[in-house]
Amino acid sequence: MNIPVKNNISWVGKRDWEVEHFHGKEYKMQRGTSYNSYLIREEKTVLIDTVDLRFRSDFVRNLAEEIDLKKIDAIVINHAEEDHAGALAELLALIPGTPIYCTANGVDSINGHHHHPEWNFNVVKTGDSLDIGNGKKLIFIETPMLHWPDSMMTYMTEDAVLFSNDAFGQHYCDEHLFNDEVDQNELFDQCQRYFSNILTPFARLVTAKITEILGFGLPVSMIATSHGVVWRDNPVQIVELYLKWAADYQEDRITLFYDAMSSNTRMMADAIAEGIRETDPRVAVKVYNVSTHDKNEIITSCFRSKGILVGSSTMNNVMMPKIAGMLEEITGLKFRNKRASAFGSYGWTGGAVDRVATRLQDAGFDMTIALKAKWRPDLSALEACREHGRKIAREWALSPLPDSTPKPADGILPAAIVAAAAVNRDGVAMAEAGEGTGQKMICTVCQWVYDPADGEPNQGVEPGTAWEDVPDDFLCPGCALGKSVFDPFEG
(Lines give C-alpha, C1' and ligand atoms only; values in the text may rest on other atoms or scores of the structure.)
Protein backbone atom coordinates (compact mmCIF):
# COMPACT_ATOMS: atom_id res chain seq x y z
CA MET A 1 0.00 0.00 0.00
CA ASN A 2 1.23 3.48 -0.83
CA ILE A 3 -0.19 6.93 -0.16
CA PRO A 4 0.85 9.91 -2.31
CA VAL A 5 2.57 12.52 -0.16
CA LYS A 6 3.71 15.16 -2.63
CA ASN A 7 4.69 15.00 -6.30
CA ASN A 8 6.99 11.96 -6.61
CA ILE A 9 7.01 11.11 -2.89
CA SER A 10 4.91 8.23 -1.57
CA TRP A 11 4.32 6.80 1.91
CA VAL A 12 5.12 3.07 1.96
CA GLY A 13 5.14 2.52 5.71
CA LYS A 14 3.12 0.39 8.07
CA ARG A 15 0.28 1.14 10.50
CA ASP A 16 0.30 -0.66 13.83
CA TRP A 17 -3.07 -0.56 15.56
CA GLU A 18 -2.25 -3.21 18.15
CA VAL A 19 1.06 -2.12 19.66
CA GLU A 20 0.68 -1.31 23.36
CA HIS A 21 4.20 -0.46 24.50
CA PHE A 22 7.39 1.14 23.21
CA HIS A 23 10.94 1.05 24.58
CA GLY A 24 10.19 -2.21 26.33
CA LYS A 25 7.30 -1.44 28.68
CA GLU A 26 8.36 2.15 29.38
CA TYR A 27 6.01 3.98 27.01
CA LYS A 28 2.38 2.95 26.87
CA MET A 29 0.69 3.45 23.51
CA GLN A 30 -2.82 4.81 23.70
CA ARG A 31 -3.61 5.00 19.99
CA GLY A 32 -1.17 2.69 18.25
CA THR A 33 1.55 4.08 16.01
CA SER A 34 2.82 4.10 12.45
CA TYR A 35 6.26 3.37 11.03
CA ASN A 36 6.67 5.87 8.25
CA SER A 37 8.81 4.98 5.26
CA TYR A 38 8.95 7.13 2.15
CA LEU A 39 9.75 6.29 -1.46
CA ILE A 40 11.08 9.09 -3.68
CA ARG A 41 10.99 8.47 -7.43
CA GLU A 42 12.92 11.12 -9.31
CA GLU A 43 15.71 10.33 -11.79
CA LYS A 44 17.06 8.35 -8.84
CA THR A 45 14.85 6.25 -6.64
CA VAL A 46 15.49 6.68 -2.93
CA LEU A 47 13.95 4.92 0.07
CA ILE A 48 13.90 6.85 3.33
CA ASP A 49 13.82 4.51 6.35
CA THR A 50 11.99 1.19 6.63
CA VAL A 51 9.61 -0.12 9.30
CA ASP A 52 9.63 -1.99 12.58
CA LEU A 53 11.38 -5.36 12.68
CA ARG A 54 8.08 -7.18 13.29
CA PHE A 55 6.74 -6.03 9.92
CA ARG A 56 9.90 -6.52 7.84
CA SER A 57 8.52 -9.28 5.60
CA ASP A 58 5.24 -7.48 4.89
CA PHE A 59 7.16 -4.29 4.17
CA VAL A 60 9.58 -5.88 1.68
CA ARG A 61 6.77 -7.76 -0.05
CA ASN A 62 4.59 -4.64 -0.37
CA LEU A 63 7.54 -2.57 -1.55
CA ALA A 64 8.31 -5.17 -4.23
CA GLU A 65 4.72 -4.85 -5.46
CA GLU A 66 5.20 -1.09 -5.68
CA ILE A 67 8.55 -1.04 -7.49
CA ASP A 68 11.23 -3.31 -8.86
CA LEU A 69 13.52 -3.42 -5.83
CA LYS A 70 16.60 -3.40 -8.07
CA LYS A 71 15.64 0.10 -9.19
CA ILE A 72 16.25 1.50 -5.69
CA ASP A 73 19.40 3.61 -6.05
CA ALA A 74 19.90 4.55 -2.40
CA ILE A 75 18.54 4.01 1.08
CA VAL A 76 18.59 6.83 3.64
CA ILE A 77 18.52 5.75 7.29
CA ASN A 78 17.76 8.75 9.47
CA HIS A 79 17.81 6.60 12.61
CA ALA A 80 18.92 3.01 13.18
CA GLU A 81 16.51 1.95 15.94
CA GLU A 82 14.63 -1.19 14.96
CA ASP A 83 11.31 0.63 14.51
CA HIS A 84 13.00 2.67 11.74
CA ALA A 85 15.51 0.28 10.19
CA GLY A 86 14.01 -3.07 11.18
CA ALA A 87 13.51 -4.28 7.59
CA LEU A 88 16.97 -3.28 6.38
CA ALA A 89 18.57 -6.74 6.53
CA GLU A 90 15.71 -8.48 4.72
CA LEU A 91 15.65 -5.76 2.05
CA LEU A 92 19.41 -5.77 1.46
CA ALA A 93 19.43 -9.54 1.17
CA LEU A 94 17.51 -8.95 -2.09
CA ILE A 95 19.44 -5.89 -3.26
CA PRO A 96 22.96 -6.25 -1.83
CA GLY A 97 25.36 -3.39 -2.40
CA THR A 98 22.69 -0.69 -2.41
CA PRO A 99 24.25 2.47 -0.91
CA ILE A 100 23.12 3.37 2.61
CA TYR A 101 23.33 7.04 3.63
CA CYS A 102 23.59 7.67 7.36
CA THR A 103 25.73 9.41 10.00
CA ALA A 104 28.97 7.97 11.35
CA ASN A 105 27.12 7.00 14.52
CA GLY A 106 24.48 5.48 12.28
CA VAL A 107 27.02 3.03 10.86
CA ASP A 108 27.92 1.93 14.37
CA SER A 109 24.28 1.60 15.39
CA ILE A 110 23.18 -0.24 12.24
CA ASN A 111 26.05 -2.70 12.63
CA GLY A 112 25.16 -3.09 16.29
CA HIS A 113 21.65 -4.14 15.31
CA HIS A 114 22.27 -6.08 12.10
CA HIS A 115 25.98 -7.10 12.17
CA HIS A 116 26.75 -6.48 8.49
CA PRO A 117 29.90 -4.36 8.31
CA GLU A 118 30.20 -5.26 4.61
CA TRP A 119 27.16 -3.16 3.67
CA ASN A 120 27.78 -0.16 1.41
CA PHE A 121 27.74 2.64 3.97
CA ASN A 122 28.07 6.27 2.90
CA VAL A 123 28.71 8.52 5.89
CA VAL A 124 27.15 11.99 5.69
CA LYS A 125 27.46 15.16 7.78
CA THR A 126 25.35 18.30 8.07
CA GLY A 127 25.31 20.07 4.70
CA ASP A 128 26.21 17.02 2.62
CA SER A 129 23.83 16.31 -0.23
CA LEU A 130 22.74 13.66 -2.70
CA ASP A 131 21.66 14.69 -6.20
CA ILE A 132 18.52 12.72 -7.10
CA GLY A 133 17.92 14.34 -10.50
CA ASN A 134 15.24 16.61 -11.93
CA GLY A 135 17.00 19.53 -10.26
CA LYS A 136 16.41 18.13 -6.77
CA LYS A 137 18.74 17.18 -3.93
CA LEU A 138 18.55 15.55 -0.56
CA ILE A 139 20.39 17.60 2.08
CA PHE A 140 21.40 15.88 5.31
CA ILE A 141 21.25 17.50 8.77
CA GLU A 142 22.77 15.76 11.78
CA THR A 143 20.58 15.89 14.89
CA PRO A 144 22.53 13.95 17.54
CA MET A 145 20.58 13.09 20.70
CA LEU A 146 17.21 13.86 19.16
CA HIS A 147 16.88 11.35 20.50
CA TRP A 148 19.82 9.02 19.69
CA PRO A 149 23.45 9.86 18.81
CA ASP A 150 22.94 8.55 15.23
CA SER A 151 19.89 10.70 14.44
CA MET A 152 19.66 12.96 11.41
CA MET A 153 17.03 14.66 9.26
CA THR A 154 16.85 14.78 5.47
CA TYR A 155 15.58 17.78 3.48
CA MET A 156 14.38 17.53 -0.11
CA THR A 157 14.87 20.66 -2.16
CA GLU A 158 12.27 22.05 -4.58
CA ASP A 159 9.49 20.03 -2.92
CA ALA A 160 10.61 21.57 0.40
CA VAL A 161 9.87 18.45 2.43
CA LEU A 162 11.69 17.83 5.72
CA PHE A 163 11.95 14.16 6.66
CA SER A 164 12.26 14.90 10.36
CA ASN A 165 12.91 11.49 11.89
CA ASP A 166 11.44 11.27 15.44
CA ALA A 167 11.18 15.03 15.89
CA PHE A 168 7.66 16.44 15.48
CA GLY A 169 6.20 12.92 15.50
CA GLN A 170 3.84 11.10 17.82
CA HIS A 171 2.76 7.56 18.50
CA TYR A 172 -0.59 7.88 16.79
CA CYS A 173 -2.29 5.63 14.28
CA ASP A 174 -5.06 6.77 11.97
CA GLU A 175 -6.37 5.75 8.54
CA HIS A 176 -5.55 9.29 7.44
CA LEU A 177 -1.95 10.37 6.92
CA PHE A 178 -2.06 14.16 7.11
CA ASN A 179 -2.40 16.39 10.16
CA ASP A 180 -5.43 18.29 8.82
CA GLU A 181 -7.37 15.04 8.36
CA VAL A 182 -7.30 13.70 11.93
CA ASP A 183 -8.89 14.59 15.27
CA GLN A 184 -6.94 17.63 16.44
CA ASN A 185 -7.38 17.03 20.18
CA GLU A 186 -6.14 13.47 19.85
CA LEU A 187 -3.24 14.58 17.69
CA PHE A 188 -1.91 17.31 19.95
CA ASP A 189 -2.43 15.22 23.10
CA GLN A 190 -0.19 12.56 21.58
CA CYS A 191 2.34 15.15 20.40
CA GLN A 192 2.73 16.49 23.93
CA ARG A 193 2.81 13.00 25.45
CA TYR A 194 5.59 12.04 23.01
CA PHE A 195 7.65 15.16 23.75
CA SER A 196 7.14 14.89 27.52
CA ASN A 197 8.16 11.26 27.83
CA ILE A 198 10.83 10.95 25.13
CA LEU A 199 12.34 14.30 24.17
CA THR A 200 12.25 16.29 27.42
CA PRO A 201 15.81 15.30 28.47
CA PHE A 202 17.06 16.86 25.23
CA ALA A 203 15.01 20.06 25.39
CA ARG A 204 18.07 22.30 25.20
CA LEU A 205 19.25 20.43 22.11
CA VAL A 206 15.78 20.74 20.57
CA THR A 207 15.95 24.53 20.76
CA ALA A 208 19.51 24.69 19.43
CA LYS A 209 18.87 22.30 16.53
CA ILE A 210 15.60 23.94 15.45
CA THR A 211 17.34 27.31 15.56
CA GLU A 212 20.16 25.88 13.41
CA ILE A 213 17.73 24.46 10.86
CA LEU A 214 15.75 27.70 10.67
CA GLY A 215 19.05 29.51 10.18
CA PHE A 216 19.55 27.68 6.87
CA GLY A 217 16.63 29.69 5.48
CA LEU A 218 15.13 26.64 3.78
CA PRO A 219 11.42 26.78 2.98
CA VAL A 220 9.41 23.95 4.55
CA SER A 221 6.11 23.07 2.91
CA MET A 222 5.73 19.72 4.65
CA ILE A 223 7.23 17.79 7.58
CA ALA A 224 7.27 14.02 7.06
CA THR A 225 7.80 12.37 10.44
CA SER A 226 8.86 8.82 11.30
CA HIS A 227 5.76 8.19 13.46
CA GLY A 228 2.24 9.54 13.20
CA VAL A 229 1.00 12.22 10.83
CA VAL A 230 2.66 14.13 8.01
CA TRP A 231 2.40 17.86 8.70
CA ARG A 232 1.16 19.47 5.49
CA ASP A 233 -1.24 22.07 6.88
CA ASN A 234 0.78 24.86 8.52
CA PRO A 235 3.74 22.62 9.43
CA VAL A 236 5.38 25.45 11.33
CA GLN A 237 2.77 25.05 14.09
CA ILE A 238 4.46 21.94 15.49
CA VAL A 239 7.88 23.62 15.25
CA GLU A 240 6.56 26.53 17.30
CA LEU A 241 5.10 24.14 19.87
CA TYR A 242 8.43 22.34 20.20
CA LEU A 243 10.21 25.63 20.84
CA LYS A 244 7.58 26.47 23.48
CA TRP A 245 7.79 23.06 25.17
CA ALA A 246 11.59 23.14 25.17
CA ALA A 247 11.69 26.49 27.00
CA ASP A 248 11.25 25.24 30.61
CA TYR A 249 7.54 24.79 29.94
CA GLN A 250 4.92 25.02 32.67
CA GLU A 251 1.20 25.67 33.00
CA ASP A 252 -0.78 26.82 36.02
CA ARG A 253 -1.11 23.20 37.10
CA ILE A 254 -0.01 21.12 40.11
CA THR A 255 0.33 17.34 39.95
CA LEU A 256 0.17 15.09 43.00
CA PHE A 257 1.08 11.43 42.71
CA TYR A 258 1.43 8.87 45.44
CA ASP A 259 1.48 5.23 46.42
CA ALA A 260 0.16 3.85 49.68
CA MET A 261 0.02 0.64 51.68
CA SER A 262 -3.41 1.65 52.95
CA SER A 263 -5.56 4.73 52.39
CA ASN A 264 -3.64 7.04 54.74
CA THR A 265 -1.37 8.70 52.17
CA ARG A 266 -4.27 8.91 49.74
CA MET A 267 -6.27 10.80 52.38
CA MET A 268 -3.36 13.22 52.72
CA ALA A 269 -3.22 13.72 48.94
CA ASP A 270 -6.93 14.47 48.74
CA ALA A 271 -6.75 16.96 51.61
CA ILE A 272 -3.68 18.73 50.21
CA ALA A 273 -5.38 18.99 46.81
CA GLU A 274 -8.49 20.40 48.51
CA GLY A 275 -6.40 23.09 50.20
CA ILE A 276 -4.76 24.06 46.91
CA ARG A 277 -8.09 24.33 45.08
CA GLU A 278 -9.67 26.25 47.95
CA THR A 279 -6.89 28.83 47.94
CA ASP A 280 -6.32 29.18 44.21
CA PRO A 281 -9.28 28.00 42.13
CA ARG A 282 -7.43 29.02 38.96
CA VAL A 283 -4.87 26.23 39.23
CA ALA A 284 -5.52 22.82 37.66
CA VAL A 285 -4.89 20.12 40.30
CA LYS A 286 -4.36 16.52 39.16
CA VAL A 287 -4.09 13.58 41.58
CA TYR A 288 -2.80 10.15 40.56
CA ASN A 289 -2.12 6.82 42.26
CA VAL A 290 0.98 5.43 40.53
CA SER A 291 -0.20 1.85 41.11
CA THR A 292 -3.36 2.32 39.06
CA HIS A 293 -2.75 5.19 36.65
CA ASP A 294 -0.94 5.30 33.32
CA LYS A 295 2.65 6.22 34.15
CA ASN A 296 3.16 8.21 30.95
CA GLU A 297 0.02 10.23 31.62
CA ILE A 298 1.44 11.14 35.03
CA ILE A 299 4.75 12.17 33.48
CA THR A 300 2.95 14.29 30.89
CA SER A 301 1.03 16.00 33.68
CA CYS A 302 4.29 16.63 35.58
CA PHE A 303 5.77 18.13 32.41
CA ARG A 304 2.83 20.52 32.16
CA SER A 305 2.93 21.45 35.86
CA LYS A 306 4.60 24.31 37.71
CA GLY A 307 5.12 21.94 40.62
CA ILE A 308 4.60 18.40 41.82
CA LEU A 309 3.87 16.77 45.19
CA VAL A 310 5.02 13.21 45.66
CA GLY A 311 3.57 11.02 48.40
CA SER A 312 4.63 7.67 49.77
CA SER A 313 3.88 5.46 52.71
CA THR A 314 6.96 4.23 54.54
CA MET A 315 7.72 0.55 53.97
CA ASN A 316 10.86 -0.94 55.55
CA ASN A 317 11.89 2.65 56.25
CA VAL A 318 12.08 3.44 52.50
CA MET A 319 9.62 4.70 49.91
CA MET A 320 7.18 2.49 48.03
CA PRO A 321 8.88 0.77 45.05
CA LYS A 322 6.64 2.30 42.37
CA ILE A 323 7.37 5.78 43.71
CA ALA A 324 11.09 5.01 43.65
CA GLY A 325 10.80 3.92 40.02
CA MET A 326 8.81 6.99 39.05
CA LEU A 327 11.33 9.31 40.70
CA GLU A 328 14.17 7.57 38.88
CA GLU A 329 12.41 8.17 35.58
CA ILE A 330 11.63 11.79 36.41
CA THR A 331 15.27 12.35 37.32
CA GLY A 332 16.29 11.11 33.88
CA LEU A 333 13.81 13.43 32.18
CA LYS A 334 15.63 16.46 33.64
CA PHE A 335 12.60 18.68 34.22
CA ARG A 336 13.47 22.34 34.76
CA ASN A 337 11.74 25.34 36.30
CA LYS A 338 9.52 23.28 38.59
CA ARG A 339 8.87 23.12 42.32
CA ALA A 340 8.26 20.06 44.46
CA SER A 341 7.30 18.80 47.88
CA ALA A 342 7.09 15.37 49.53
CA PHE A 343 4.41 13.98 51.82
CA GLY A 344 3.34 10.69 53.32
CA SER A 345 1.98 8.69 56.21
CA TYR A 346 4.01 6.38 58.44
CA GLY A 347 3.65 4.19 61.48
CA TRP A 348 6.92 3.36 63.21
CA THR A 349 9.36 5.42 61.17
CA GLY A 350 8.94 8.04 58.46
CA GLY A 351 11.97 7.48 56.28
CA ALA A 352 10.08 7.45 52.98
CA VAL A 353 9.22 11.14 52.97
CA ASP A 354 12.82 12.11 53.73
CA ARG A 355 14.05 9.94 50.87
CA VAL A 356 11.45 11.32 48.46
CA ALA A 357 12.40 14.89 49.34
CA THR A 358 16.09 14.15 48.85
CA ARG A 359 15.44 12.44 45.52
CA LEU A 360 13.39 15.38 44.26
CA GLN A 361 16.10 17.82 45.25
CA ASP A 362 18.70 15.69 43.48
CA ALA A 363 16.47 15.77 40.38
CA GLY A 364 16.72 19.56 40.30
CA PHE A 365 13.38 20.64 41.75
CA ASP A 366 13.05 23.78 43.86
CA MET A 367 11.96 22.25 47.15
CA THR A 368 9.17 23.28 49.51
CA ILE A 369 8.93 21.87 53.04
CA ALA A 370 7.63 18.31 53.23
CA LEU A 371 4.81 16.87 55.34
CA LYS A 372 4.42 13.66 57.36
CA ALA A 373 1.40 12.21 59.12
CA LYS A 374 1.67 9.45 61.71
CA TRP A 375 -0.79 6.60 61.28
CA ARG A 376 -4.22 7.32 59.83
CA PRO A 377 -4.86 11.09 59.65
CA ASP A 378 -7.59 12.27 62.02
CA LEU A 379 -9.68 15.39 61.47
CA SER A 380 -7.03 17.72 62.83
CA ALA A 381 -4.32 16.06 60.75
CA LEU A 382 -6.43 16.36 57.62
CA GLU A 383 -6.94 20.05 58.37
CA ALA A 384 -3.16 20.38 58.65
CA CYS A 385 -2.88 18.75 55.20
CA ARG A 386 -5.38 21.23 53.80
CA GLU A 387 -3.35 24.03 55.35
CA HIS A 388 -0.25 22.60 53.72
CA GLY A 389 -2.11 22.73 50.39
CA ARG A 390 -3.07 26.34 51.03
CA LYS A 391 0.54 27.18 51.75
CA ILE A 392 1.65 25.46 48.54
CA ALA A 393 -0.98 27.38 46.55
CA ARG A 394 0.26 30.71 47.92
CA GLU A 395 3.96 29.95 47.49
CA TRP A 396 3.61 28.50 43.99
CA ALA A 397 1.13 31.04 42.60
CA LEU A 398 2.18 32.38 39.20
CA SER A 399 0.32 35.64 39.80
CA PRO A 400 -1.24 37.38 42.84
CA LEU A 401 -4.08 35.44 44.43
CA PRO A 402 -7.61 36.85 44.72
CA ASP A 403 -8.13 38.78 47.96
CA SER A 404 -10.81 36.33 49.09
CA THR A 405 -8.43 33.39 49.42
CA PRO A 406 -8.13 31.86 52.91
CA LYS A 407 -5.35 33.07 55.20
CA PRO A 408 -3.05 30.70 57.09
CA ALA A 409 -4.65 29.04 60.08
CA ASP A 410 -3.51 30.23 63.49
CA GLY A 411 -1.78 27.97 65.96
CA ILE A 412 0.52 24.99 65.75
CA LEU A 413 0.03 21.89 63.62
CA PRO A 414 -1.23 18.88 65.58
CA ALA A 415 1.28 16.39 66.94
CA ALA A 416 0.10 13.81 64.37
CA ILE A 417 1.65 15.96 61.66
CA VAL A 418 5.40 16.41 61.40
CA ALA A 419 6.79 18.99 58.99
CA ALA A 420 9.91 17.35 57.57
CA ALA A 421 13.10 19.32 57.10
CA ALA A 422 13.16 21.03 53.71
CA VAL A 423 16.47 21.40 51.96
CA ASN A 424 17.39 24.49 50.01
CA ARG A 425 19.59 24.70 46.93
CA ASP A 426 22.70 24.93 49.10
CA GLY A 427 21.82 21.74 50.94
CA VAL A 428 20.95 23.54 54.18
CA ALA A 429 18.19 21.94 56.26
CA MET A 430 15.44 24.35 57.27
CA ALA A 431 13.52 22.91 60.22
CA GLU A 432 10.04 24.26 60.84
CA ALA A 433 7.72 22.38 63.17
CA GLY A 434 9.35 21.31 66.41
CA GLU A 435 12.33 23.62 66.07
CA GLY A 436 14.03 24.36 69.38
CA THR A 437 12.53 21.40 71.27
CA GLY A 438 15.81 19.52 71.53
CA GLN A 439 17.93 16.97 69.70
CA LYS A 440 16.18 14.25 67.69
CA MET A 441 17.52 10.74 68.22
CA ILE A 442 17.56 7.83 65.77
CA CYS A 443 17.53 4.13 66.55
CA THR A 444 20.59 2.62 64.90
CA VAL A 445 18.81 -0.73 64.54
CA CYS A 446 15.45 0.10 62.93
CA GLN A 447 15.90 3.81 62.09
CA TRP A 448 12.93 4.95 64.18
CA VAL A 449 13.36 8.63 65.09
CA TYR A 450 12.51 10.11 68.47
CA ASP A 451 11.33 13.70 68.06
CA PRO A 452 11.05 15.67 71.32
CA ALA A 453 8.24 17.68 69.76
CA ASP A 454 6.10 14.51 69.61
CA GLY A 455 7.37 12.54 72.56
CA GLU A 456 6.10 8.97 72.75
CA PRO A 457 2.63 9.08 74.40
CA ASN A 458 2.27 5.27 74.26
CA GLN A 459 5.05 5.07 76.88
CA GLY A 460 3.97 8.13 78.85
CA VAL A 461 6.59 10.44 77.29
CA GLU A 462 4.81 13.74 76.75
CA PRO A 463 5.42 16.02 73.72
CA GLY A 464 8.21 18.47 74.51
CA THR A 465 10.28 15.93 76.48
CA ALA A 466 14.00 16.25 75.76
CA TRP A 467 15.91 13.01 75.17
CA GLU A 468 17.88 13.32 78.39
CA ASP A 469 14.58 13.43 80.32
CA VAL A 470 13.20 10.29 78.67
CA PRO A 471 13.05 7.46 81.29
CA ASP A 472 15.89 4.94 81.21
CA ASP A 473 13.42 2.08 80.71
CA PHE A 474 12.23 3.61 77.41
CA LEU A 475 11.99 1.08 74.55
CA CYS A 476 12.19 1.88 70.85
CA PRO A 477 8.66 1.51 69.37
CA GLY A 478 10.20 0.05 66.22
CA CYS A 479 12.40 -2.74 67.59
CA ALA A 480 11.81 -2.76 71.38
CA LEU A 481 15.48 -2.04 72.21
CA GLY A 482 16.58 0.46 74.84
CA LYS A 483 18.01 3.97 74.83
CA SER A 484 21.58 2.71 74.35
CA VAL A 485 20.98 1.99 70.63
CA PHE A 486 20.05 5.62 69.87
CA ASP A 487 22.37 8.19 68.30
CA PRO A 488 21.82 11.89 67.54
CA PHE A 489 19.77 12.30 64.34
CA GLU A 490 21.27 14.84 61.95
CA GLY A 491 18.76 14.43 59.11
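Here is a short tour of the chain, from the whole fold down to its cysteines.

Before you click, note that this is a predicted model, in which local features need pLDDT of at least 70 and side-chain atom pairs count only at pLDDT 80 or more, while totals for chains, interfaces and linings use all residues. Residues are numbered from 1 along each chain as its sequence is written, and side-chain values use heavy atoms, with hydrogens and water left out.

**Whole chain.** Start with the C-alpha trace: along its principal axes it spans about 90 × 50 × 35 Å. Switch to cartoon and you have 12 helices and 29 strands to explore; these are DSSP runs, with helices being H or I of at least four residues and strands E of at least two, numbered from the N terminus.

**Surface and interior.** Now show the surface. Of the 491 residues, 54% count as buried, meaning under 20% relative accessible area with a 1.4 Å probe, protein chains only.

**Cysteines.** Next, select the cysteine sulfurs. How many disulfides does a search of the whole structure find? The search finds 0, a disulfide being a pair of cysteine sulfur atoms within 2.5 Å. Zoom to Cys191: the nearest cysteine sulfur, that of Cys173, is 14 Å away. Cys191 is buried, at 1% relative accessibility. Finish at Cys476, also buried, at 2% relative accessibility.

Methods
Buried means under 20% relative accessible area, exposed over 50%, partly exposed in between (1.4 Å probe, protein chains only).
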